[in-house]
Amino acid sequence: MTLSRLVDDDLELLLLIRHFESALLELFGEGKLHGTTHTCLGQEYIPVALEPFFGRGDFVFSNHRGHGHYLSRFRDPESLLAEIMGREGAVCSGVGGSQHIRREGYLSTGVQGESLPVAAGVALTMKSAGEGALAAVYIGDGTWGEGTVYETLNMARLWCLPLVVVVENNHIAQSTATEKQMAGSIAGRASAFDIAHHLVRGNDINQIREQLDSVFAGVRNGAGPVVIEFDTNRIGPHSKGDDTRDATELARVREHDWYSAYERQHPAQFRAADERQRELIDTVVRSVESRPASRWDNS
């Protein structure tokens with residue numbers, strides 16, 4: 001794959017997410033994290049590409065694989081890692097963990113499909129306010145097995161809501177290949193509700209933004225909901241070390257990893273930025289590890 005050169009800020013954000021996620025898997029391996037976590041390794045470019053389209057007045061709903069969504073919006077790895085580790089400075093006082101994060105204009109949940117009807121409600125409020133704001137919700141290909149998805153799409157189209165449904169289609173639902181659990185297509189499902197569908201292939205951030213600029217403008221200007229489907233690859237495990245894919249399939253998805261492609265094609269820029277973000281995450285990990293446990297006061 002050929003990737004156009006990024007501005008430094010985009011590359012730094014991509015690498016921040018990559019090294020944050022890699023650090024989480026290392027911490028799990030060392031027995032320093034509890035519970036579960038789901039990394040977005042291989043999919044980091046999606047929230048980075050979409051980040052300029054979201055204003056502070058918009059609301060972004062994330063999911064169980066949402067660290068990249070959070071970091072692209074807030075660029076705050078310390079509060080997120082503190083949340084995951086249950087240490088002081090945690091964004092939700094350590095009670096949300098890896099999957100359930102709430103911050104201004106942002107909410108994530110580990111329950112598949114749960115955010116869609118909530119996002120539609122927020123989008124309805126935004127439409128009533130008439131200020132051009134929108135709600136965006138990230139889901140995966142596996143979430144299309146939830147009935148609430150279809151109920152929400154029906155209402156969103158009927159009410160012409162400013163709702164963007166971002167589908168990160170990595171072709172595997174936990175350990176089940178999508179073609180074994182989904183009949184038809186995501187495009188066909190959107191069409192059934194008369195909702196515009198846009199398929200994004202490739203991971204060139206500059207090209208993605210060019211493709212979607214008018215799409216987001218249309219939502220803000222009253223065109224109604226859209227479904228944006230990213231044909232992507234998850235190169236990491238479903239959660240921690242539970243990757244059931246065979247060596248051939250893992251090799252295939254790694255061939256499409258933006259990280260190694262960008263390293264080859266833009267080595268000078270990449271090398272310096274990669275080192276900065278490695279050092280930053282190492283510093284964050286040391287800082288958070290040294291903190292006392294977070295105390296949650298529910299009095």
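Biologist: What share of the 299 residues in the protein chain is buried?
Modeller: In this predicted model, buried residues make up 52% of the 299 residues.

Biologist: And how much accessible surface does the protein chain have?
Modeller: The accessible surface comes to about 13,100 Å². Carbon and sulfur atoms account for 49% of that surface.

Biologist: How many helices and strands are there?
Modeller: The protein chain contains 11 helices and nine strands. Its radius of gyration is 19 Å, close to the 19 Å that the globule rule gives for 299 residues, so the chain is as compact as a globular protein of that length. Along its principal axes, the C-alpha trace spans about 55 × 50 × 40 Å.

Biologist: Which way do strand 5 and strand 9 run, parallel or antiparallel?
Modeller: They run parallel. Six bridges join strand 5, residues 163-169, to strand 9, residues 226-231.

Biologist: Which residue in strand 9 stands opposite valine 167?
Modeller: That residue is glutamate 229.

Biologist: Now helix 4. Why is it described as largely enclosed by the rest of the structure?
Modeller: Helix 4 covers residues 77-85, and eight of its nine residues are buried, so it is largely enclosed. Among the buried ones are Pro77, Leu80, Glu83 and Met85.

Biologist: What covers those buried residues of helix 4?
Modeller: The cover includes helix 1 (8-29), helix 3 (67-74), strand 2 (102-103) and helix 11 (267-289).

Biologist: Which residue follows helix 4?
Modeller: Glycine 86 follows it, with a positive phi near 70°.

Biologist: There is another glycine I would like to discuss, glycine 202. Where is it found?
Modeller: Glycine 202 is in the loop between strand 8 (196-201) and helix 8 (205-220). It is partly exposed, with a relative accessible area of 41%.

Biologist: What is glycine 202 in contact with, leaving aside neighbours within four places in sequence?
Modeller: Glycine 202 is in contact with Tyr45 and Ile208.

Notes: Residues numbered from 1 in each chain as written. Predicted model: local features only at pLDDT ≥ 70, side-chain atom pairs only at ≥ 80, totals over all residues. Heavy atoms only, no water. Helix = DSSP H or I, 4+ residues; strand = E, 2+ residues; numbered from the N terminus. Rg over C-alpha atoms; globule rule 2.2 N^0.38 Å. Buried < 20%, exposed > 50% of the residue type's maximum accessible area, 1.4 Å probe, protein only. Areas by Shrake-Rupley, 256 points an atom, 1.4 Å probe, with all protein chains shown as cover. Contact = heavy atoms within 4.5 Å. Pairing = 2+ DSSP bridges.
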